[in-house]
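Please examine the sequence and the three-dimensional structure shown here. The text that follows is intended to be read beside them.

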Amino acid sequence: MPEIDALFESINVRDLLAGHDLNDPTTPLSAPDLRLLINRLESHSLRIKSKVQSYLVSHHSDFSELFSLCQDAVSKTRLISDDVSDVLKLVSDRPIDVEIRSVVDEITEKTKEVKLKRESLDLVSAIVGICEALQETKEALKNGRFRFAAERIRELKVVLRIGEEEEGEPVAYALLRKEWSDCFDEIQDVLAKFMENALCFELDSRRLRIKYKLSVGETAGIALISVLEAMEVIGMLDYGLAKAADSIFKHVITPAVTHASTFIAVEDSSKTSGEITEAKLRLEQSSDHKIEDVDGDAIYSGILKVVKFICSSLCFGNVTWIHSFGRLTWPRISELIISKFLSKVVPDDASKLADFQKIIERTSQFEAALKELNFVSPSDAESRLSKYAENVEVHFASRKKIEILAKARNLLLQCNFTIPQELSMRNAYSKSDGVESLDVNSSKHIVCLLFSSERCVVSEAASQLMHLVHKTLEDVCVSSARVASEFYNAARDSILLYEAVVPVKLEKQLNGINQAAVLLHNDCLYLFEEILGLAFEYRTSFPSSIKEYAVFADVAPRFKLMAEEVLQKQVHLVISSLREAIDSADGFQNTHQMKQYETANCSIEQVVFSLEKVHMIWESVLRPKTYKQSMCVVLESVFRRISRDILLLDDMAADETFQLQRLIHLMLENLSSLLDSLRSVDNTSRPLDDLIPSLRKTRKLAELLDMPLKSITSAWESGELYSCNFTRTEVQDFIKAIFTDSPLRKECLWRIDDVSQ
């Protein structure tokens, strides 16, 4: 109604009071203004009512139709309300929703049962199908249809997901897998038997036969190619060919390598009704078998002929089968060629390395031919034979290193570590007389020490070992870097072999007093000085790559230490032996009795005998200075022990002192030659008594045994006894043991005690 809207919008109080400003708060409306406003509003209201009335009259039909529609809507609403009330009443009286839910649950359960039965039916059908397929496979295997059986077993492997088992699978699947495994083993065994039946090697005639029509048990007339196809299908090609490959390698390839110049391979075949039933390979005697196969032509051509025969007659040119046979045999063939041919033709001399080039070329051609036949995979990066042949320089050096170490080992093991008796006598004589009666170069046992310029008796093993080391290092100086490295290591290892072998070899001798032990001491000293000199002698001539790490100084101290340990052990053994001999004298007590005197005398004789034995062994082998020092240590221990035992006696009769003096004089007299030899060893002016302090003490002790009391006291007061290494206590105890108690003894003891020294 736009007209009505226009009327309402036309009502504006501001227009009704045109003369008054309504926005001014300071001028409120007056009573006349309000009455005027009311009158004007009433007049305006009457106009609006008349307009509305006229509008309703003009649109009466429209309003009637509108009211009629509203009435119909209200009626329909009431009907719907009644229907809803009836439905609610019906639901309240009978619970239909429960029945509906029960029906829905039943339908769901039945649907699940139907689905489960359908799945079970499908599973049963699948199991039945698998069982039938397994049965068909077994029947095909019995009937000789190996290709069909192999394909079915391969299909069933996928169906049964062999190797992909999961938890919670039906038990039937496990049983079927067991059945499949048994079937697979059966077909594998059958194919292996047929493959074994296909090859036959006649030892007497040296002939290999490959049969193309095979029979095993009741199954006959099976083609060899079908057996190979079946083995390839089920993935047992390597397993099936393994025994055949081993037999061919043993009976055909091995003779072709080890007796290449004796036998040649000849192919042959047998036919039946125009069809080849057998292929044969014979090893016949060669007419020129006496000619030596220097460059490997006979070996390589013989093996190639055998391989070609295998590729064509056994593998039927199938690349996969040839690869399988090659994988099974090539590693062993290559190792056989290396061990029986290539390693044996490695030159012994560096000058012959150039002649080996022909063998390298022939070896490369041989491997290339095998790759063309697909016997060796083209992707095989090893090329074992070619690499071995091309590295001949290293093999030459390695072979020489082995020879050097073997020679060094034999030197050490075969040496008996003794020197000839005549050499010992001449050497001892030259030392004692100072006469160079023996030429240094006239014996392998006498060498000059590098730094001390002394002559030294060594074992033949030590001198020859160092000769070998020097020869090896000379080769290092004129060799290439790789060869020089091997030679350098061989020289070091040869030296270390002495340290590893000889102490073990001489283990028993080192635990006793003998010539071998002191000879080992000399060897170690000699090796020590020689090793120290190696770097100075050869290092400047070494190849630059060797100079970086070529050292010997780390090895030398070990031999110096070993020399000292061996000598110290010998000295200790000698001293221990002499102590045992002195112990048998029972402290030299009661020597005035005949039995005790004889015991003491035997002890002294045993000591003298042992010292003379050591003197003979050491003087002929040890260097003069070392001999003198070691013998002085031994004699010092002997004289110190004997003088101590006598001075420890607490009571000595007159006859006893006489016998003790006699024993000392006897010992010194018997050792006079030994002591004289020590004096003449070198030109030092130092007296022997200074080197063996107890020798002077022992001599003085012999004098004291028959000296008067006052003389003994005077000797102490004058310092004579003190200079002979007697102590105050020893002198006093000695006087108490010899002389009875008296005023004179007390006075002498007091005088000795009063002297300060």
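This is a predicted model: local features need pLDDT of at least 70, side-chain atom pairs count only at pLDDT 80 or more; totals for chains, interfaces and linings use all residues.

Residues are numbered from 1 along each chain as its sequence is written, and side-chain values use heavy atoms, with hydrogens and water left out.

The secondary structure of the chain consists of 31 helices and eight strands. Both kinds of element are DSSP runs numbered from the N terminus, a helix being H or I with at least four residues and a strand being E with at least two. Of the 757 residues, 41% count as buried. Here buried means under 20% relative accessible area, exposed means over 50%, and partly exposed is in between (1.4 Å probe, protein chains only). The accessible surface of the chain amounts to about 41,600 Å², and carbon and sulfur atoms hold 54% of it; such areas come from the Shrake-Rupley method with a 1.4 Å probe, and for residues only the protein chains shown count as cover. Among contacts in the chain with a separation of 6 or more, 71% are between residues 24 or more positions apart. A contact means heavy atoms within 4.5 Å.

The aromatic side chains come next. A pair of aromatic rings is described by the distance of the centres and the angle of the planes. Rings of Phe, Tyr and Trp (its six-membered ring) pair if their centres lie within 6.5 Å; planes under 30 degrees apart count as stacked, over 60 as edge-to-face and the rest as tilted. The structure holds eleven aromatic pairs. In one of them, the ring centres of Trp 330 and Phe 366 are 6.2 Å apart and the planes stand at 50 degrees, so the pair is tilted. Because Trp 330 lies in helix H11 (residues 319-340) and Phe 366 in helix H12 (residues 357-372), this pair ties together parts that are 36 residues apart in sequence. Trp 330 and Phe 366 are both buried.

Another pair is formed by Tyr 498 and Phe 559, whose ring centres are 6.2 Å apart with planes at 50 degrees, so this pair is tilted. It links distant parts of the chain, with Tyr 498 in helix H17 (residues 481-505) and Phe 559 in helix H21 (residues 556-583), 61 residues apart. Tyr 498 counts as buried because its relative accessibility is 0%, and Phe 559 is buried at 0% relative accessibility. Ring pairs also link Tyr 300, Trp 330, Phe 341 and Phe 366 into a cluster.

Charged groups also meet rings. A charge sits over a ring if NZ of Lys or CZ of Arg is within 6 Å of the ring centre and within 35 degrees of the ring normal. The charged end of Arg 145 sits over the ring of Phe 148 at 4.8 Å from its centre, and that of Lys 697 sits over the ring of Phe 726 at 5.4 Å from its centre.

Which charged side chains pair with one another? The structure holds 27 salt bridges, each being a side-chain nitrogen of Lys or Arg within 4 Å of a carboxyl oxygen of Asp or Glu. Among them is the bridge between Glu 403 and Arg 399, with the closest N and O atoms 3.8 Å apart. Both residues lie in helix H14 (residues 392-414), four residues apart, or about one turn of the helix. Glu 403 counts as partly exposed at 36% relative accessibility, and Arg 399 is partly exposed with a relative accessible area of 24%.The side chains of Arg 492 and Asp 554 form a salt bridge with an N to O distance of 3.0 Å. This pair links distant parts of the chain, 62 residues apart: Arg 492 is in helix H17, and Asp 554 is in the loop between helix H20 (544-547) and H21. Arg 492 counts as buried at 15% relative accessibility, whereas Asp 554 is partly exposed with a relative accessible area of 40%. Salt bridges that share partners join Glu 202, Arg 207, Arg 209 and Glu 278 into one network.

Two individual residues complete the account. Arg 152 is placed in helix H6 (residues 146-159) and counts as buried because its relative accessibility is 19%. Apart from its neighbours within four places in sequence, Arg 152 is in contact with Ala 133, Glu 136 and Thr 137. Gln 596 is placed in helix H22 (residues 594-621). With neighbours within four places in sequence left aside, Gln 596 is in contact with Asp 586, Gln 589, Asn 590 and Thr 591.
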